[in-house]
Amino acid sequence: MSAVAHPMFVHPLGEDAALIPRTPDLAEPYHAVLSANLARLARWEPWALSEGSVADTAGFLRRSAVESLDGDLLPVLIGVRAEGGGWRLVGSSGLKIDRAARAGIIGYWIDESFEGRGLVSRTVTALLDRAFGELGLVRVALYTETANTRSRALATRLGFTEEGVLRRAIAFPGDHRDQVVYGMLAEEWRSRG
Ligand SMILES: CC(C)(COP(=O)(O)OP(=O)(O)OC[C@H]1O[C@@H](n2cnc3c(N)ncnc32)[C@H](O)[C@@H]1OP(=O)(O)O)[C@@H](O)C(=O)NCCC(=O)NCCS
């Protein structure tokens with residue numbers, strides 16, 4: 001089950017949803033929602049081609065926690081209110097941080113049945129507020145496959161600038177696909193409407 005009862009801290013995304021820190025104690029519920037979406041994510045993400053165990057997921061979350069403590073990653077899960085209290089995990093996002101360059105890279109995915117509700121837009125908005133606020137970043141990039149129209153629509157809707165195409169940059173077995181890079185600068189984010 002992808003349910004989380006009482007996380008220590010959540011960042012509200014309106015009334016119905018919240019960001020929850022992606023910590024190692026959430027390995028089981030996170031693994032459940034990840035496994036349910038893996039085949040779909042494998043269309044876009046080479047890392048999703050192989051299915052790991054709960055222990056593998058726990059290891060991934062521990063490594064993320066170390067990166068987070070070092071200030072190199074802001075890892076979050078997307079939760080929606082569950083009937084009877086608590087949260088149901090429905091997606092994941094993160095901001096990788098290069099502190100020397102004061103630059104970040106955002107990634108995300110959401111459960112298929114929760115697409116189209118603006119949850120990822122709200123998540124990325126919260127991460128950009130943090131990136132260009134407290135974290136003092138100058139730039140945040142977003143990379144996606146050129147064929148990923150939903151992801152590209154999200155970048156465009158949030159005001160990212162399309163900066164170019166990295167040809168054959170995504171390595172799948174026997175197949176290299178083109179990747180488009182979008183960028184947002186601190187002053188652009190602050191001056192948006
Ligand atoms: C890419 C992906 C994260 C986009 O998710 P999404 O649900 O389309 O994104 P959003 O949260 O921005 O929702 C957008 C939709 O919600 C609608 N919406 C509703 N309320 C909204 C709000 N408050 N703010 C923004 N959009 C809102 C938009 O109009 C849009 O509708 P549409 O799909 O009919 O055009 C999702 O398709 C996904 O997980 N794909 C598989 C994994 C993947 O590709 N990851 C990215 C790899 S780079």
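**Strand pairing, helices and the ligand shell**

Within the sheet, Ile 20 has Leu 77 of S4 as its bridge partner. The model is a predicted one, with local features requiring pLDDT of at least 70, side-chain atom pairs counting only at pLDDT 80 or more, and totals for chains, interfaces and linings using all residues. Residue numbers start from 1 along each chain as its sequence is written.

Strand S3 (residues 17-21) and strand S4 (residues 73-81) are paired antiparallel over five bridges; pairing here takes at least two DSSP bridges between two strands. Helices (H or I, at least four residues) and strands (E, at least two) are DSSP runs, numbered from the N terminus. S4 is also joined to strand S5 (residues 87-98), again antiparallel, through nine bridges, and there Val 76 sits opposite Ser 93 of S5. The hairpin of S4 and S5 has five residues between the strands, and Gly 84 in this hairpin takes a positive phi near 85°.

Now for the helices. Helix H2 (residues 54-69) has 16 residues and reaches 22 Å from its first C-alpha to its last, close to the 22 Å expected, where the expected span is 1.5 Å times one less than the number of residues. Gly 71, with a positive phi near 85°, follows H2. H3, with 14 residues, reaches 20 Å between its first and last C-alpha, close to the expected 20 Å. Buried residues of H3 include Leu 119, Val 120, Leu 127 and Phe 132; buried means that 20 or more other C-beta atoms, placed from the backbone, lie within 10 Å of a residue's own, and exposed means 12 or fewer, with partly exposed in between.

In H4, the buried residues are Ser 151, Leu 154 and Ala 155. Seen down the axis of H4, these fall within an arc of 100° (taken over the directions from the helix axis to the C-beta atoms), so they line one face of the helix. They pack against H3, strand S7 (139-145) and strand S9 (175-185), with contact set at C-beta atoms, placed from the backbone, within 7 Å. On the other side of H4, Thr 149, Arg 150, Ala 153, Thr 156 and Arg 157 are exposed.

As for the ligand, 17 residues surround it, the closest being Gly 118, Val 120, Ser 121, Thr 144 and Arg 150; a residue is near a molecule if its C-beta atom, placed from the backbone, lies within 6 Å of it. Strand S6 (103-110), helix H3 (119-132) and helix H4 (149-157) each supply at least two shell residues.

Methods
Two residues are in contact if their C-beta atoms, placed from the backbone, lie within 7 Å.
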